[in-house]
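Read the sequence and the model side by side. The paragraphs below take a few places in turn.

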Amino acid sequence: MRILDGNHLAATERRLQVLRQSKAGPLPGHALVVLDPALMLATDMIPCEDGHAQERSLSPEILDLAAANDLWIADRNFCTSTLLSGITKRKAFYIIRQHASMTIVSAGTLRKRGRTDTGEVYEQGVTIKNSDNEVTKTRRIIIRLDKPTRDGDIEMAILTNLPPTAASAVVVTELYRKRWTLETMFQSLTAMLQGEVATLGYPRADDDSDRARQGDAQLGSSRAAREAQAPSTRCEEARAEENPIRE
């Protein structure tokens, strides 16, 4: 089982010139972290310099980590047809909350499957289509919540390609709730460790190197100019010694 989530680094000082006129706090980047809940260890991390980039933009990097028989659990920001079909092609499995932008091509009959301590659980078969127009069949688990979420949602839909023989609809909802263990880990690391390096918003090291090389070139030009003028200066000094000015 692998739980995936993103963590945006806090805004930094406006050390870059391009950021100094910006009223918004500059975001130095974000990271996608993969948690192994059995070990309670973060096993992989995908860094991204663009703090405003969406998690779904890193789908190719995520798929590079997917292996056969893996079970990937993630929130709706990762719900794209590219990622879902990519995981399936790698003979892996997913439990990912459905995003509102996900297009469902067709849906079967909605059937009640039981109840959890958060609400009634229903299930139906659906088909989705990826960017290559390939159609994939999957399961949609719907939880009709007893209490709205903090975003005001009264219903939650989860997509999974796990076969019903491997995990019932109720089990799928319980597995999805394990995603909060990664949220808790982020909060703990933020509270216990100084997770942000102060220089994240500073100019890049290669930019500093470029400026250093330019400075060396300018210094070399100045030295060469002084050396070119040196002979004539020495001649003038010599003549001044031979013909001193008398008062």
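Is Asp 70 buried or exposed? Asp 70 is buried, at a relative accessible area of 15%; buried means under 20% relative accessible area, exposed over 50%, and partly exposed in between, with a 1.4 Å probe and protein chains only. This is a predicted model, in which local features need pLDDT of at least 70 and side-chain atom pairs count only at pLDDT 80 or more, while totals for chains, interfaces and linings use all residues. Residues are numbered from 1 along each chain as its sequence is written, and side-chain values use heavy atoms, with hydrogens and water left out.

Asp 70 lies in the loop between helix H1 (59–65) and strand E4 (71–74). Helices (H or I, at least four residues) and strands (E, at least two) are DSSP runs, numbered from the N terminus. Apart from neighbours within four places in sequence, Asp 70 is in contact (heavy atoms within 4.5 Å) with Arg 2, Leu 65, Ala 92 and Phe 93.

E4 pairs with E5 in the parallel sense, over four bridges; two strands pair if DSSP finds at least two bridges between them. In this pairing Ala 74 stands opposite Ile 96 in E5. Together with helix H2 (residues 81–89), E4 and E5 make a right-handed β-α-β unit. Right-handed here means that, with the strands pointing away from the viewer, the path from the first strand over the helix to the second runs clockwise.

E5 also runs antiparallel to E10, joined to E10 by three bridges, and Ile 95 stands opposite Thr 160 in E10. Four of the five residues of E5 are buried, so E5 is largely enclosed by the rest of the structure.

Which residues of helix H3 (residues 169–177) are buried? They are Ala 169, Val 172, Thr 173, Leu 175 and Tyr 176. Seen down the axis of H3, these residues fall within an arc of 160 degrees, so they line one face of the helix; the arc is that of the directions from the helix axis to the C-beta atoms. The buried residues of H3 pack against E4, strand E5 (93–97), strand E7 (111–116), E8, strand E9 (135–145) and strand E10 (155–160).

Val 126 belongs to strand E8 (residues 119–129) and is buried, at 2% relative accessibility. Residues touched by Val 126, beyond those up to four places away in sequence, include Ile 104, Arg 140 and Leu 159. Val 126 and Arg 140 are 14 residues apart in sequence, and 6.5 Å apart in space from C-alpha to C-alpha.
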